[in-house]
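Good morning, colleagues. Please take a moment to look at the sequence and the structure, and I shall then walk through selected residues and regions in turn.

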Amino acid sequence: MSGSTELLTLARDIAAQAGAMILERRRHHVEVASTKSSDVDVVTAVDHEAEALIHELLEKARPGDGFVGEEGGSGNSSSGVSWVVDPIDGTVNFLYNIPHYAVSIAAVEGEPAPGKWDLQAGVVFNPATGEMFQAAKGHGATLGDTPLQVAPPVELSQALWLTGFAYAEQYRAEQGRLARELLPKVRDLRRMGTASLDLAAIAAARGNIYFERTLSPWDHAAGELIVTEAGGIVHGFDGAPAGREAIFAGHPDMVSVFHQAVEAAGGKRPLSDFL
């Protein structure tokens with residue numbers, strides 16, 4: 001095993017290399033290569049190419065580490081460390097050339113699954129803007145060299161809520177209903193299309209609360225550490241580990257207030273009721 005700062009240095013270097021390749025590919029025509037959970041949940045050839053590059057670089061640097069990638073890359077760990085990777089988080093933004101997508105790389109110890117992992121290092125890098133959000137366990141979170149700190153709690157009516165919508169048609173109607181219930185109670189809602197960057201934004205005090213459901217481990221692994229190292233908390237309903245059922249992120253008091261609001265709005269039903 002290695003220290004969290006050493007793992008962060010490697011993650012940062014590889015994210016920068018993958019980001020440069022992604023940005024170069026985006027200068028040319030990009031097409032949908034396949035779909036996943038629905039017809040609108042797209043994958044491009046660049047997603048696969050970026051994941052392959054990240055996997056190759058990690059394997060070369062640390063051949064005993066495990067790997068879990070969104071596009072199917074995998075490998076078991078003999079070192080106790082695994083990497084949880086989303087090569088392009090926000091693929092639809094990438095497809096439309098909206099400059100809001102990210103390379104998300106997290107190093108974890110233990111089983112690479114929410115609630116079981118011990119997050120050690122995380123990077124969320126937006127190649128289009130050059131912003132590199134990063135954190136190492138016990139060493140705080142930064143944007144570049146600038147330390148990050150989550151926003152202090154505010155009244156619910158003054159809270160900016162960051163969220164995203166699922167690709168599954170069955171659950172979108174429920175998300176629309178919940179947004180309709182909660183929107184009059186908050187300052188506003190932002191839906192920017194990249195979960196990892198939403199979490200990074202919470203760490204950077206660019207929003208007050210993040211709440212979303214149906215996410216996968218690679219969507220939130222790096223961002224989760226960045227938030228917690230910036231003084232926030234990240235968890236699911238009733239303090240459960242963050243995961244597919246729910247993710248709340250922000251200042252502890254803000255998370256508590258928003259959790260109550262979601263529950264009061266009937267937003268706590270199991271996903272199995274819809275999907």
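Ala-242 sits in the loop between β14 (233-235) and β15. Please bear in mind throughout that this is a predicted model. Is Ala-242 buried or exposed? Its relative accessible area is 4%, and because buried means under 20%, Ala-242 counts as buried. Which residues does Ala-242 contact, once neighbours within four places in sequence are left aside? They are Pro-114, His-220, Glu-224, Val-234, His-235, Gly-236 and Ile-247. For a sense of distance, Ala-242 and Val-68 are 174 residues apart along the chain, and 18 Å separates their C-alpha atoms.

The loop between β14 and β15 also holds Asp-238. Here the accessibility is 55%, so Asp-238 is classed as exposed. Its backbone deserves a remark as well. Most residues other than glycine have a negative phi. Asp-238, which is not a glycine, has a positive phi near 55 degrees.

Thr-214 belongs to the loop between β13 and α6. With a relative accessible area of 15%, Thr-214 is buried, whereas Asp-238 is exposed.

Let me turn to the interior. Nonpolar side chains tend to be buried together in soluble globular proteins. In this model, the largest nonpolar core comprises 36 residues. Which of them touch the most other members? They are Val-124, Phe-133, Leu-148, Tyr-210, Ile-226 and Val-227. Several elements each contribute at least two residues to this core: the strands β6 (102-109), β7 (118-126), β8 (131-136), β9 (141-143), β11 and β15 (247-250), together with the helices α5 (195-203) and α6 (217-229). The greatest contribution, seven residues, is made by α5.

Setting aside residues up to four places away in sequence, Ile-226 touches Gly-122, Val-124, Phe-133, Gln-134, Ala-135, Ala-141, Leu-148 and Ala-203. There is also a second, separate core, made up of 31 residues, among them Ile-54, Leu-58, Tyr-101 and Met-132.

How many cavities of 30 Å³ or more does the structure hold? It holds one, and the volume of the largest cavity is about 70 Å³. The lining consists of Trp-161, Thr-163, Gly-164, Phe-165, Tyr-171, Gln-175, Leu-178, Phe-211, Glu-212 and Arg-213. By class, five of these lining residues are nonpolar, three are polar and two are charged. At least two lining residues come from each of β11 (160-163), α4 (169-182) and β13 (209-212), and α4 supplies the largest share, with three residues.

Helix α4 also contains Glu-181. This residue is partly exposed, at a relative accessible area of 32%. Glu-181 and Ala-261 are 80 residues apart along the chain, with 9.4 Å between their C-alpha atoms.

Ser-4 is located in helix α1 (residues 4-26). It is buried, with a relative accessible area of 9%. What does the side chain of Ser-4 reach at 3.2 Å? It reaches the backbone oxygen of Lys-137. Apart from residues up to four places away in sequence, Ser-4 touches Gln-120, Ala-121, Ala-136, Lys-137 and His-139.

Two further residues complete this tour. Ala-45 lies in helix α2 and is partly exposed, with a relative accessible area of 48%.

Arg-62 is placed in the loop between α2 (45-61) and β3 (66-69). Is this charged residue buried or exposed? Arg-62 has a relative accessible area of 14%, so it is buried. Its side chain makes a polar contact of 2.3 Å with the side chain of Asp-65.

Thank you for your attention.

Terms used: Residues are numbered from 1 along each chain as its sequence is written. Side-chain values use heavy atoms; hydrogens and water are left out. On a 1 Å grid over the protein atoms alone, a cavity is a set of points where a 1.4 Å probe fits but cannot get out, and a pocket is an open set with protein on both sides within 12 Å along at least five of seven lines; lining residues have an atom within 4 Å of a point. Grid points are joined across faces, edges and corners, and a volume is the space filled by probe spheres set on the points. Helices (H or I, at least four residues) and strands (E, at least two) are DSSP runs, numbered from the N terminus. Ala, Val, Leu, Ile, Met, Phe, Trp, Tyr, Cys and Pro count as nonpolar, Asp, Glu, Lys and Arg as charged, and the others, Gly among them, as polar. A nonpolar core is a set of buried Ala, Val, Leu, Ile, Met, Phe, Trp, Tyr and Cys residues joined through side-chain atoms within 4.5 Å. Buried means under 20% relative accessible area, exposed over 50%, partly exposed in between (1.4 Å probe, protein chains only). Contact means heavy atoms within 4.5 Å. A polar contact is a pair of N or O atoms within 3.5 Å; within protein, one must be able to donate a hydrogen and the other to accept it, and residues adjacent in sequence count only if both atoms are side-chain atoms.
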